[in-house]
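This report goes through a few local features of one protein model. Keep the sequence and the structure in view while reading.

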Amino acid sequence: MDSNNKKEINIKELLVPYLRNWKYFVATVLLALLAAIYYIKSKSPVYKAQTSVLIKDAKKMSAASGDMGVLQSLGGIGGMGTNSIENEVGVFESKSIVEDALKGLNFQTRLYAKQSFKNVELYGKTSPYIINIIQEKDNVELPKKPIFIKTKGNEITLSSAEFDKDIVTSFGRTTNLPFALIIITKNIDYKAPHKVDMSDLFFYYSNFDDTVNDYQEALKVDLLDKDGTIINLSVDFENKDKAKDFLNKIVRQYNSYAISDKNIESKKTKDFIDQRIVIISKELGDVESQKEGFKSGNNIVDLPTEARINLQMKEQSKAQILEIGTQMEITKFLRSSLNSKGNGDVLPLNVGLENEAALNAIQEYNALVVRRNKYLQEATPDNPLVRDANKQIEQMKSSLAESLQRNMKTLDLARRKVETQLGGSENMISKIPGQEKLFRNIERQQQIKESLYLLLLQKREEAAISMEITAEKARVIDRAFIQKKPVAPRKMIILGISLFIGFLIPFAVIYIKSLLQSTILSRADISKLTDLPVLAEIPKLKRKDNALLSFNDVSPMAEAFRIFVTNLKFLLPNKDSGKVIMVTSSVKGEGKTFVSTNLSIILASSRDRVLIIGADVRNPQLQRYNTAMKSAKGLTEFLGGENLNIEEIIHPSGYNQNCDFIYSGAIPPNPTDLLQNGKLDELLSLIKAKNKYKYIVLDTAPLLLVTDSLLIADKADATVYVTRSEVTEKSYFEFINKSVEDQKLKNVGLVINSVKETHFGYGNKYGYGYNADEKKWWNIFK
């Protein structure tokens, strides 16, 4: 139970300094809340705009997914898939896409309307002017302050604190500013915003690079689900329309990039086919001319019936030779293209080659080329990714060349086998003339060229179709929209922070002050430093208060001294007369003389005779309450051996008829010797022998400064040790405790002088006395 009480008391002691200064907490909290409200009112609301897109992964789509699957089989739509959705997030976050998107948006100049508390950004239909940047100037200092716009008719005046003079121009005219060339035009779609004062307009300017950096930082790109391909884009802007336009343009720019990438392979294929068509067309014309000349030279009109019958028997062999020849020509074309192309060129994919291994190798080679070209858009040739891609392309090119070479050998072997079979059949045709053989050879060449020519025409049309019919890679799920509630300023958070700061500031000040406080403040401080009793807490004098108490005084000061007298009587011995009370302190300025004098006045108020002796002969202070007695003879003269009657040095106090003073007298050169010469004992004996004074109060010197008080301490029945709030150092109590322990001082009681109202143990609550007026809460600010 005791430990709980002690803990409770300690907690109360910790809270007392903060509860005592509750007014400061209330004031700082109110000021912080007012500052927070002003901040909220002065800041324009910032809204969150967002959009979400689905990134199509063509490699995961089935052939039955519709027309797109059919078009992919034509070889014109490649590279639509994505191996990593994180790569697409990186594309959205890249500086290039933001830069290309901003080229079509006029975001370098931000136009505002100045309002009472905050500025309103004008954009789109709410902007009366359109400011176009014609040319930026290099190596110039960009403006940091706003540029104000004033119009009168067709005349425009631009002014800024950074301009040497105002710039006057007109609508639609090129204006030369220190940092750029601009043209200001009227917005034909302008609609005045609701409840916005448009009398004071200004704009801020930033160069294109800074604008790109700012908007790149503002753009936030996140994956909606790590296992999915939905990407969420968002920005926090003051102007809602600007935010939506920016996000929508980013998505359109991304799709433009994707379509461009997808068309690379189709365009390369189409270009290759166009070149081959020109060559095959010329070769076909040559074969047809040769056939025409052969027939004319040999007068051949139709083939003999016998030859036709034999040819029908061997048609299968001829068809095989024809197909093999076509495949060999295609293989030759691809080998020639492979040798002539660089690392950045793709190979035609669907030109009729039937070798599956070679087709797969060409597909992988083209995929590597497209990936390398995509890397080069964002990096330099020395980039490790580009170097690795080049290395893979070279390896794939070597592998592809070997594959085509093997295919060529296979076709050649097959052709030889079929030709052998054909030769055997032709040997059986003995009646077919040699002209017929030559004619068939020419005709066979014609058929090969025609087949190849038609195949190339077909593939060219397929490539053209694939270039025209390309779906967007990013399908918009949610178009850019604005959240209802603004994301900034966050009112509750700001108010919460201001409330916290409002409590923190006075708490920190009081806490730091308590840490740095080296002097005592109240009775609680003394109770921690010593076990000596505290006889009284003397309130601090106010400017209008008199330093000395009067007869029948009922002020808080008088009540405090009455409590002091009551407690002091418990320390004094039980004898009828001559009770000696020594009043001392640690250092000068703690109020010994003030306490001695008022103590004597209160003691004398009960009809008891009191005598005050100014025993501080080094620094006399009693005379300050009666300046006329500064030259009066007193203790020094008596101790010095002058032949003085005791009545000659006792003077009435002038404040109470029962209170007399013995002033210190002149300041002696040897105060210590005077106090030790035995005359003080003689003086006290004479006073006690008169049996006139019930109390003798000795106003002595500070103990820490001189030894005078310790020399006469044994003559006192009780010692009143005066301390002063906010003056007496806590370290002094080590000396006090040591002096009592060594019995240099006896029967000691402490008095705390000059205590503020807030530091009283109970007096502040009850007004120090029964007749004091208690302050009401509504008078705290008076």
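Predicted model: local features only at pLDDT ≥ 70, side-chain atom pairs only at ≥ 80, totals over all residues.

The relative accessibility of D209 is 47%. Partly exposed residues fall between the buried limit of under 20% and the exposed limit of over 50%, so D209 counts as partly exposed.

D209 also belongs to a patch of negative charge on the surface.

## Aromatic pairs

How many aromatic pairs does a search of the whole structure find? The search finds 17. One of them joins F148 and F202, whose ring centres are 5.4 Å apart. The planes of these two rings stand at 50°, so the pair is tilted. F148 sits in strand β5 (residues 147–152) and F202 in strand β10 (residues 201–205). The two residues are 54 residues apart, and the pair links distant parts of the chain.

Are F148 and F202 buried, partly exposed or exposed? F148 has a relative accessible area of 25%, so it is partly exposed. F202 has a relative accessible area of 2%, so F202 is buried.

The rings of F661 and Y663 form another pair, with centres 5.6 Å apart. Their planes are at 85°, and planes over 60 degrees apart count as edge-to-face, so this pair is edge-to-face. F661 and Y663 are both buried.

## A cluster of rings

Which residues are linked into a cluster by ring pairs? The cluster contains F107, Y123, Y215, F237 and F246.

How values were computed: Residues numbered from 1 in each chain as written. Heavy atoms only, no water. Patch = residues over 30% accessible without salt bridge, like charges linked within 9 Å, V, L, I, M, F, W, Y side chains within 5 Å. Areas by Shrake-Rupley, 256 points an atom, 1.4 Å probe, with all protein chains shown as cover. Salt bridge = Lys/Arg side-chain N within 4 Å of Asp/Glu carboxyl O. Lys, Arg positive; Asp, Glu negative; His and termini not counted. Charge placed at Lys NZ, Arg CZ, Asp CG, Glu CD. Buried < 20%, exposed > 50% of the residue type's maximum accessible area, 1.4 Å probe, protein only. Phe/Tyr/Trp six-rings, centres within 6.5 Å; stacked < 30°, edge-to-face > 60°. Helix = DSSP H or I, 4+ residues; strand = E, 2+ residues; numbered from the N terminus.
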